[in-house]
Each structure stands twice: as structure tokens, then as C-alpha cells.
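Welcome! Please take a moment to look at the structure shown here before reading on.

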There are 2 protein chains.
Amino acid sequence: MNVRDVALVGGTTTKFGVRPSTWAELAQEVGARLFREMPELRAEDVDSLFLGAAEPERFAFQSHVAPLAAEQMGLRPHRIIQRTELACASGQSAIRSAYAAIAAGLSDVAVAVGVEKMNLPSMAEANTSMACVMDRAWDGPHGATAPPFFAMVAQRHQLEYGTTEDQFAAVSEKNHRFANSNPEAQFHEKTFSREKLLRLPIVAPPLRLGDCSSMTDGAAAVVLVAADRAKKYTDTPAWIRGTGQYSDFHNLAHAGSLTEWTGLKHAAREAFGRAGVGPEAIDFAEVHDCFTVSEIIEYEMFGWCPPGQGGAFVADGQADIGGKVVVNPRGGLLGCGHPLGATGIAQAVEVYRQFARKAPPARTVPDPEWALVHNLSGSANVHSVMIYQGGSAA
Amino acid sequence: MNVRDVALVGGTTTKFGVRPSTWAELAQEVGARLFREMPELRAEDVDSLFLGAAEPERFAFQSHVAPLAAEQMGLRPHRIIQRTELACASGQSAIRSAYAAIAAGLSDVAVAVGVEKMNLPSMAEANTSMACVMDRAWDGPHGATAPPFFAMVAQRHQLEYGTTEDQFAAVSEKNHRFANSNPEAQFHEKTFSREKLLRLPIVAPPLRLGDCSSMTDGAAAVVLVAADRAKKYTDTPAWIRGTGQYSDFHNLAHAGSLTEWTGLKHAAREAFGRAGVGPEAIDFAEVHDCFTVSEIIEYEMFGWCPPGQGGAFVADGQADIGGKVVVNPRGGLLGCGHPLGATGIAQAVEVYRQFARKAPPARTVPDPEWALVHNLSGSANVHSVMIYQGGSAA
């Protein structure tokens with residue numbers, strides 16, 4: 001048997017935000033929404049479930065979450081069921097697993113779902129849980145959680161390249177503007193101007209509140225199928241053409257340059273190589289803007305601009321509609337919020353919606369053919385990349 | 001490109017037991033041991049890492065564990081890195097993921113590793129963490145943790161079929177006897193007679209201490225490669241021929257019969273169908289004896305004996321060397337202990353060792369060709385099956 005092509009044929013997300021729902025209720029909600037929006041999808045056709053979830057054991061005191069999600073969604077996977085965890089990239093990890101299973105002939109119709117419940121009655125407990133994404137034994141005692149780590153990255157980028165706070169704010173302004181046309185986004189600030197962003201409180205210098213993604217509750221789901229089934233579900237599938245990952249280090253003492261993310265370069269090279277295209281082919285990208293500086297470095301590492309020029313690139317509108325590559329038309333992690341395991345799935349939903357011409361006009365990418373999704377996890381020590389091509393069903 | 005055959009070409013485990021080591025130290029130890037025992041394995045050849053771990057977030061207050069394991073093992077996965085969680089079946093879930101990735105051409109040489117650290121200074125905390133494998137919202141308040149649930153299963157099996165405590169003890173005696181010839185097993189009781197087992201304290205009636213697997217620290221790792229690379233590593237690979245999983249329910253209110261595990265039947269049918277053999281072909285099996293009654297029901301569900309006859313089957317020596325099928329020659333979860341994510345990997349290590357004629361005489365299966373590995377997770381609501389064939393490298 002040949003390795004099979006895999007199509008993403010639909011998907012949806014819940015409203016992201018501070019939700020009163022439990023973990024299980026978010027899974028139930030995204031399942032109900034998926035079947036409502038895809039009437040041609042029958043529960044009995046779904047043979048596999050791949051769940052991306054980062055820390056339900058801590059945020060929801062619940063493990064063995066894949067069968068819980070299946071039950072809440074009304075699914076009974078009869079071929080494969082599993083949950084994948086890769087911290088902030090857990091969602092893409094689930095999609096990659098579904099892709100491999102379908103390509104290898106182990107599954108025909110798979111649902112990849114991401115669920116995360118992060119807002120707790122005690123946000124001190126929630127924030128402590130977030131900290132265990134870093135190396136607890138070695139980096140934890142030095143206070144290394146995400147905001148101070150990425151603040152170091154931002155300071156270093158400023159030192160090496162002269163990147164300004166106004167350029168950081170340009171990322172946030174763009175992504176919040178896109179989020180305004182995404183009803184499921186956590187934030188809908190009508191006047192998220194750069195001026196306003198630069199007056200927000202500092203979280204870890206130079207990063208302000210608007211430079212940081214948030215603690216978010218939410219769920220998202222996509223449907224992936226073998227090529228010969230795609231037509232049953234959509235005329236506008238997103239074909240998975242390339243995937244790549246790279247793991248550099250864990251303990252921060254082993255990190256190399258803070259501003260040159262070699263792991264991302266490796267992951268991108270693998271994904272582009274498999275897809276047979278280069279960065280210049282990408283029409284739009286959903287990249288991991290957990291902090292504004294992340295997106296700026298990602299422009300550079302993907303090769304959309306030279307090293308150090310990411311700040312100027314975004315300030316010049318090159319990451320916007322009409323620019324070189326539209327980055328984060330969904331609204332990004334900054335605008336949509338970042339429910340860890342759901343983020344990578346929601347990014348893929350946006351890829352589907354853009355190819356299917358289902359995004360609202362204010363965030364519609366003109367005539368897209370190639371899209372890229374990127375997640376980083378932890379202290380940017382793991383990078384995950386997938387490349388999609390739009391096109392008709394086979 | 002064709003879907004590729006996948007070979008398991010080696011593996012090892014740490015000593016299982018109550019270990020002073022941390023989670024990270026267990027990963028380090030199994031990595032060092034793997035490279036020592038497989039001198040032909042070079043770190044730079046390993047392109048992917050699949051980690052099975054159930055609850056490091058609770059047991060070790062550490063998430064994002066895949067890159068931590070990679071670093072501790074001296075690996076730098078440049079194609080795929082992920083952790084899979086499926087509670088007690090997390091290890092097999094990692095192997096299945098590695099299999100799919102290699103079969104689909106996404107990886108050439110993958111390490112699947114399982115790590116679990118369960119013994120904590122506060123065992124009350126550890127036991128509470130174990131409870132979150134069940135549905136916390138609905139089953140937790142009723143006291144449904146593993147021992148009382150499987151005690152209900154045992155009581156029901158006794159009621160329906162007249163299964164005796166002596167028959168339960170026959171499972172435990174056999175598996176502890178096998179464990180005596182496994183230096184990595186947690187338990188080495190030289191006189192684990194049925195009489196002694198029947199005098200042990202009751203945990204949840206009718207299950208006594210010897211009927212229950214334990215809280216165990218340990219790690220295990222296997223190496224999986226594409227067919228054309230197998231010869232580089234071994235002359236006696238174990239070929240993965242079939243896989244199957246099935247998810248029935250999560251909330252116990254949705255469970256069907258306690259003694260007929262239809263999910264296991266479905267998973268077995270899928271795996272046997274893919275392998276092109278039936279249960280009668282299996283020479284030895286590593287099955288999930290989390291409790292003695294589990295193994296008895298598994299004989300019945302796999303079709304090695306009629307429903308209700310599992311107790312007589314084991315008491316008659318049919319699950320022993322010289323019987324119909326050798327079950328748990330490694331020593332099982334009862335004899336080896338059950339470090340959740342490591343169990344499924346350690347079972348696969350035993351498959352490799354048996355095919356490679358590397359098991360000590362007291363547990364050597366005569367002339368094996370086909371082997372089966374089974375894990376259940378949670379309240380037997382998910383079943384996972386893999387079928388291996390021994391044979392020479394291509």
C-alpha cells in the first residue's frame with residue numbers, strides 16, 4: 001500500500017476566553033459544534049481520536065483525558081485513541097499523529113481535538129502549573145517561567161538589533177486587529193492602537209501586557225481524512241504537504257543563542273523539504289506569537305526577512321494583508337488567547353477557513369495556495385512546523 | 001512511496017521498584033543503559049523520540065516531558081518529538097505512534113521510551129493522583145479508583161462463573177514465579193506460593209495484596225526502525241504486524257458488562273485482522289495483569305478459552321510454559337510492578353528478548369513466532385493491542 005495523502009476537511013473552535021465551563025464541558029461543546037457545522041460528518045465514520053492537551057492533570061485534576069474527550073464528543077474511536085502532550089505545541093502534535101496514522105493506513109477518518117482549561121478559582125495555582133513546562137529541577141529555582149524567559153529574549157533582540165518597543169507593539173496591534181474579526185477570539189479591543197499598547201503595564205521588561213498571550217479556556221477540533229474520502233466532506237480541503245520538528249535542549253543552561261532559534265530553522269528545513277517549496281511560497285502563516293518578540297524572531301528564522309530585521313518587517317506592514325506574507329490572520333495567540341492544547345488545532349482551523357474562503361473579509365488572505373503553521377513549546381526549545389496546500393478534493 | 005514495515009530491534013529497562021531516583025534520573029538511566037547494550041546505536045541516527053508517560057505533571061510536577069527525556073537520554077530528535085498519554089497504556093501508545101511515523105516515512109529510527117516515577121514522599125498524594133485516571137467529576141465522588149473497580153469486576157466474575165480466589169492466586173503465583181527470573185522486576189519473592197498469596201491482606205474484596213499490581217518507579221526504552229535499517233541493529237528483530245485499539249466509554253455509568261470486555265474484543269479483531277493471524281497463532285503474550293482478574297478475563301476475550309473459563313485455564317497451567325499460550329513470561333505487572341508509562345515499553349522489550357533468545361531459561365518461550373502485547377487503561381474502558389512476528393532481518 002502506498003503512503004496516503006491526508007486532507008484537513010473541516011474544523012471549528014469554541015469561544016476562547018475565561019469560560020465558566022469545565023474541561024469536559026469544553027470538549028462537549030466543541031464536539032457538538034463540529035457535528036453541527038459539518039452535517040456530512042457521522043460519528044461512526046470517525047475511527048480515531050487524537051487529543052492535544054498540555055496539563056489537564058494540573059489544571060483539571062484529570063488524566064486519561066482522551067477517552068473522556070471521546071465520550072463528551074459522542075465518539076467511540078475503534079482504531080486509535082491517544083492524547084499527545086508537547087506543552088504549548090500539544091495541538092499540532094495531535095494533528096501530526098493523526099496525519100501519520102492516516103498516511104500509514106491505520107486510520108481513515110480522524111478527529112484531532114485540543115482542549116485546555118486554564119482559568120481556575122486560584123490563578124496562583126494555575127500560574128504555578130504553567131511553570132512546570134520549564135525544567136523544574138534546574139530552571140525553576142531561578143524563576144524561569146515563560147514571561148521572564150521571553151523578556152530576556154526580547155532584551156537580547158533589542159541589544160543585538162536595536163528592536164524597539166514600538167515594533168513589538170506593531171505585532172500586537174496587527175494580531176489584535178485581526179482578532180477583532182474573529183468572533184471566537186478572547187479579546188475584542190476596538191482601539192488596540194500601538195499608543196495604547198505602549199501604555200499598558202509592564203509584565204517583565206520590556207514586555208507589557210499587550211506583548212503577552214494569556215491564560216485561556218477553549219477547545220478546537222479538525223477532521224483529517226485519507227485523500228479518497230476528502231470529497232465527501234468538502235470541495236476545499238487543506239492538504240498536509242510537509243511536517244518538521246526539532247528539539248534542541250531542555251535545561252536553559254544548554255540553550256544557545258536566545259535570538260537565533262536554530263531548532264526552528266531545522267524544523268522548517270524538514271517541513272519545506274518535504275513540501276517541496278520554500279518560505280517565499282507561503283501566502284499566510286499561523287505562527288506562535290506567545291509573546292510579540294517570538295513572532296518577530298519567527299519572521300527571521302523562516303527567512304521572510306534577514307536576521308535582526310523582524311521589527312522593521314512588521315512595522316513596515318510586511319506581515320499584514322498586502323505584505324510579503326500574512327501572519328496570524330486568525331488573531332494569533334495574542335488576540336485569540338492561548339489555551340495550550342487547543343491553539344495548534346485552532347491555527348489549523350484557520351488554515352481550513354482561509355482555503356475555504358470562510359474567513360470574514362477583514363482577515364481574508366487573497367488567493368492563498370500555501371500556508372504554514374508553527375508552534376514552539378517551553379523555552380523555544382522545541383519547534384513544530386506543518387505546511388498545507390489549498391486545492392480541490394481529489 | 002510504500003507504507004514501510006517496522007522492526008523493533010532492541011530495548012532495555014531500568015530496575016523497577018521503589019527507586020530513590022527522580023523522573024529525569026530514570027530517563028537518564030534508561031538512556032545510558034540503551035546505548036551500552038546497543039553499541040551499534042548512534043545518538044545522531046535517532047531522528048524521533050516518542051515518550052509514554054501517564055502523570056509526570058502530578059507525580060513529578062513536570063510537564064513538557066518529551067524534550068526533558070530527550071536531553072537526559074542524550075538525544076536531539078530532529079524529526080518528531082512528542083509524549084503520548086493514555087494512562088496505564090501510555091507506553092504502548094508511544095510505540096504505536098513511532099510505528100505510524102516510521103511506516104508513513106516521517107521517521108527512520110525512533111526511540112520509544114516510557115518513564116514513570118510514582119513513589120513519592122507522600123503516598124497519599126501519589127494515590128490521589130492515581131485516582132484522576134478515572135472520571136473525576138462523576139466516578140471520583142463514588143470512590144471509584146482502580147482497586148475497588150477491579151474488585152467489582154472480580155466479584156462479578158465469581159458470581160457469574162464461580163471463579164475462585166485460588167484461581168486468582170494462580171495468576172499471581174505464575175507471574176511472580178516468572179518475575180523471579182527477571183532481574184529488573186520489582187518483586188523477587190522466592191516462595192510466592194498460592195497458599196502464601198491467600199494469606200495476604202485484603203485490599204478490596206476479593207482482591208488481596210498479591211492480586212494487585214503496585215506503585216512503581218521505572219523506565220524502559222525500545223528502538224524501532226524502518227525495515228531496510230533493521231539488519232544494522234540486530235539479526236532477530238520483532239516485526240510489528242498488527243495494531244488495534246478501542247475506546248468504549250469513560251464515565252462508569254456508560255459501562256456495559258463488567259466481565260465481557262467488548263472493547264478488548266474490538267481491538268483484538270482489528271489487530272488480528274491486520275496481522276492476518278488469529279489468537280491460536282500467538283506463542284506468548286504480554287497482557288495487562290493490573291489485577292489478577294484482568295488476566296483471567298483477557299484469556300477469555302482473546303479467545304484462548306471460552307467465556308468464564310479463564311480461572312480454570314490458568315489453574316490448569318494453560319497460560320504457562322507448556323500450555324496453550326505463555327502469558328506474561330516477563331513477570332507481568334504483578335511481578336514487575338507497574339510504572340504506568342514504562343509498562344507498555346517493558347512488555348515490548350520482553351517481546352524483543354524472547355525472539356532474540358535473550359531471556360533466562362526459566363522464562364524462555366519455546367520457539368516463538370508470534371507475540372501479542374495488550375494494555376488496558378482506566379476502568380478497562382480503553383484497550384490497546386499490538387501483534388509482533390519474530391523473524392530474521394530483511
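The report below walks through this predicted model, from its two chains down to single residues.

## Two copies and their relation

Two copies of a chain are related by a rotation about an axis and a shift along it. Here, chain B can be laid on chain A with an RMSD of 0.0 Å, using a turn of 180° and a shift of 0.0 Å along the axis. That is the relation of a two-fold axis. The same surface serves both copies, with 98% of the contact residues of chain B recurring in chain A.

## Where the chains meet

Between the chains, 59 residues of chain B are in contact with 58 residues of chain A. On the chain B side, the elements that each supply at least two residues are α2 (56-59), α3 (65-73), β3 (80-85), α4 (90-103), β8 (238-247) and α10 (262-275). Sorted by class, this side of chain B that touches chain A has 25 nonpolar, 21 polar and 13 charged residues.

Strand β3 (residues 80-85) of chain A pairs with β3(B) in the antiparallel sense, over three bridges. Within that pairing, look for A:T84, which stands opposite B:T84 in β3(B).

## Two domains in chain A

Now let us stay inside chain A. Its domain assignment gives domain 1 (6-121 + 216-233) and domain 2 (141-214 + 241-390). The C-alpha centres of domain 1 and domain 2 of chain A lie 23 Å apart. Across the boundary, 37 residues of domain 1 of chain A are in contact with 30 residues of domain 2 of chain A.

Which elements build the domain 1 side? In chain A, β1 (6-13), α4 (90-103), β4 (109-116) and β7 (218-226) each supply at least two residues of the side of domain 1 that touches domain 2. Of the elements there, α4(A) gives the most, with eight residues. By class, this side of domain 1 of chain A has 19 nonpolar, 14 polar and four charged residues.

## An enclosed strand in chain B

Strand β12 (residues 382-390) of chain B is worth a visit. Nine of its nine residues are buried, so β12(B) is largely enclosed by the rest of the structure. Both of its faces are covered: B:V382, B:S384, B:M386, B:Y388 and B:G390 are buried on one side, and B:H383, B:V385, B:I387 and B:Q389 on the other.

β8(B) and β12(B) run antiparallel and are joined by nine bridges, and B:T243 stands opposite B:M386 in β12(B). Strand β11 (residues 370-377) of chain B also pairs with β12(B) in the antiparallel sense, over eight bridges. In that pairing B:L376 stands opposite B:H383. The hairpin of β11(B) and β12(B) has four residues between the strands, and B:G378 there takes a positive phi near 60°.

## A covered helix in chain B

Helix α11 (residues 292-302) of chain B is mostly covered, as eleven of its eleven residues are buried. Among them are B:V293, B:I296, B:I297, B:Y299, B:M301 and B:F302, along with B:E295, B:E298 and B:E300. After α11(B) comes B:G303, whose phi is positive, near 90°.

## The nonpolar core

In soluble globular proteins, nonpolar side chains tend to be buried together. The largest nonpolar core in this model has 272 residues, and those with the most contacts inside it are A:V113 and B:V113. Leaving aside neighbours within four places in sequence, A:V113 is in contact with A:A27, A:V30, A:L49, A:L51, A:A69, A:M73, A:A219, A:A221 and A:I345.

## Two buried residues up close

Let us finish with two single residues. A:G263 is found in helix α10 (residues 262-275) of chain A. A:G263 counts as buried because 25 other C-beta atoms lie within 10 Å. Beyond its neighbours within four places in sequence, A:G263 is in contact with A:Y246, A:S247, A:D248, A:N381, A:V382 and A:H383.

Where does A:H338 lie? A:H338 sits in the loop between α13 (332-336) and α14 (340-355) of chain A. A:H338 is buried, with 25 other C-beta atoms within 10 Å. Not counting residues up to four places away in sequence, A:H338 touches A:S213, A:S214, A:T216, A:C290, A:L333 and A:T343.

Notes. Residues numbered from 1 in each chain as written. Chains lettered and ligands numbered in written order. Predicted model: local features only at pLDDT ≥ 70, side-chain atom pairs only at ≥ 80, totals over all residues. Least-squares fit on C-alpha atoms with pLDDT ≥ 70 in both. Contact = placed C-beta atoms within 7 Å. Nonpolar A, V, L, I, M, F, W, Y, C, P; charged D, E, K, R; others polar. Pairing = 2+ DSSP bridges. Buried ≥ 20, exposed ≤ 12 C-beta atoms within 10 Å, placed from the backbone. Domains from an automatic or database assignment. Core = buried A, V, L, I, M, F, W, Y, C linked by C-beta atoms within 7 Å.
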